[in-house]
Amino acid sequence: MTTSLVLYGSPLSPFQRKVEAVMALKGLEYDCEDVSVMDMPDWYKAISPLGRIPSLRDRDIADDGPAGTITDSSAICGYLEKRQPETAVYPEDAFDHGRALWLEEYADTGLAMAGGMGLFRPIIFNLFQRKEPDLDTARKTWNEKLPPLWDYLETYLDGRAHFIGDSITIADIAVASQIAQTDMLAGAPDKDRWPSLVAHYQAMRAHDCFQRNNAGCDKILAKMVPEKFDLSA
Ligand SMILES: N[C@@H](CCC(=O)N[C@@H](CS)C(=O)NCC(=O)O)C(=O)O
C-alpha cells in the first residue's frame, strides 16, 4: 500500500475524471479500483446507496466496508479540499466560491445529463453490449441539446482562460471533465462557434492534472472506438 486514497469507479466516468484532476492538482497519490456501473457488486452498493460511481476511500480512516468512504464527486472534492488545502480548487472569496459551486453543478447536472444520457450512453453502453450504437439519439443531443448549454459557457468565459479568477478552480475542472466525455466519441465543440469554450477545454485537457485519466480512457476506448463519430450531419 503506497497511498491511503482509493478511488472506486471507472476512468470513463466524467465524475471520476473531475475527482482525479482535483487529486492530481493537489499532488495527492491515489489508487484506482474498477467498479462497473453495469454490474455493481454488493460490497460497492453498501458504500454507494444511490448506486453511482465514483466513491473515495481514505484508508487512514478505515480500510474496509462503508466506513472511511465518501460517495459523490462533489462531496469527495469538498473533502479533499479540507484534507489537502494546497493547491486550492475552491475560490477564497465568498461570492466566487458560490459561482464556482454553481458552474460545477451546471456541468454535473446540465452537461452530464445531456452528454452522458443523450450521447455517451447511447453509443458506449450499446457497444459494451455488442449492439449498434444509437447514433440517432446521439445526433439529436449533439445538434440540439448541447449547443444551448455550450452557449451559456461561451458567454460566461468571454475569452478568459478560467471561469473564475486567474487560476484553475473546480468550475474549470468540472466543465472540462464533461466536455471530455463527448469529445472522446464525437470531438470537441465547433471552435468557430464556441471559441472561448474550446480554447479553455483544449488547455484544460492538455493540463497535467488530466493526463492519468486521459490515458485510462484511451486504453479502454482504443479498440472500441478507433475513430470518432461524426454527429454533425
Ligand atoms: N452526483 C454524482 C453523479 C455520479 C453519476 O451519475 N455517475 C454515473 C456514472 S458516470 C453512475 O454511477 N451511474 C450509474 C447508473 O446510472 O446506473 C457525482 O457527482 O458523483
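**Ligand contacts and helix packing**

In this predicted model, the side chain of aspartate 72 places an N or O atom 2.9 Å from a nitrogen atom of the ligand. The side chain of arginine 121 also takes part, with an N or O atom 2.5 Å from a ligand oxygen atom. Isoleucine 53 uses its backbone instead: an N or O atom there sits 2.8 Å from an oxygen atom of the ligand. On its own, the ligand has 520 Å² of accessible area, and the protein covers 72% of that. Around the ligand are Ser13, Pro14, Phe15, Val37, Gly51, Arg52, Ile53, Pro54, Asp72, Ser73 and Arg121.

Two of these names, Phe15 and Ser73, turn up again in the packing of helix 1 against helix 3. Helix 1 (residues 14-25) and helix 3 (residues 73-83) have axes 9 Å apart, at an angle of about 10 degrees, so the two helices run roughly parallel to each other. On the helix 1 side, the contact involves Phe15, Lys18, Val19, Val22 and Met23; helix 3 brings Ser73, Ser74, Ile76, Cys77 and Leu80. By type, that makes 7 nonpolar, 2 polar and 1 charged.

Helix 6 (residues 170-186) and helix 7 (residues 195-206) are another packed pair, with axes that come within 9 Å and cross at roughly 95 degrees. Helix 6 is therefore roughly perpendicular to helix 7. Asp172, Ile173, Val175, Ala176, Ile179, Ala180 and Asp183 of helix 6 meet Leu197, His200, Tyr201, Met204 and Arg205 of helix 7. The residues of this contact split into 8 nonpolar, 1 polar and 3 charged.

Key: Residues numbered from 1 in each chain as written. Predicted model: local features only at pLDDT ≥ 70, side-chain atom pairs only at ≥ 80, totals over all residues. Heavy atoms only, no water. Axes fitted to C-alpha atoms, helices over the stretch in contact; angles between N-to-C directions. Helix = DSSP H or I, 4+ residues; strand = E, 2+ residues; numbered from the N terminus. Parallel < 35°, antiparallel > 145°, perpendicular 65-115°, else oblique. Contact = heavy atoms within 4.5 Å. Nonpolar A, V, L, I, M, F, W, Y, C, P; charged D, E, K, R; others polar. Near = heavy atom within 4 Å. Polar contact = N/O pair within 3.5 Å; in protein donor to acceptor, adjacent residues only side chain to side chain. Areas by Shrake-Rupley, 256 points an atom, 1.4 Å probe, with all protein chains shown as cover.
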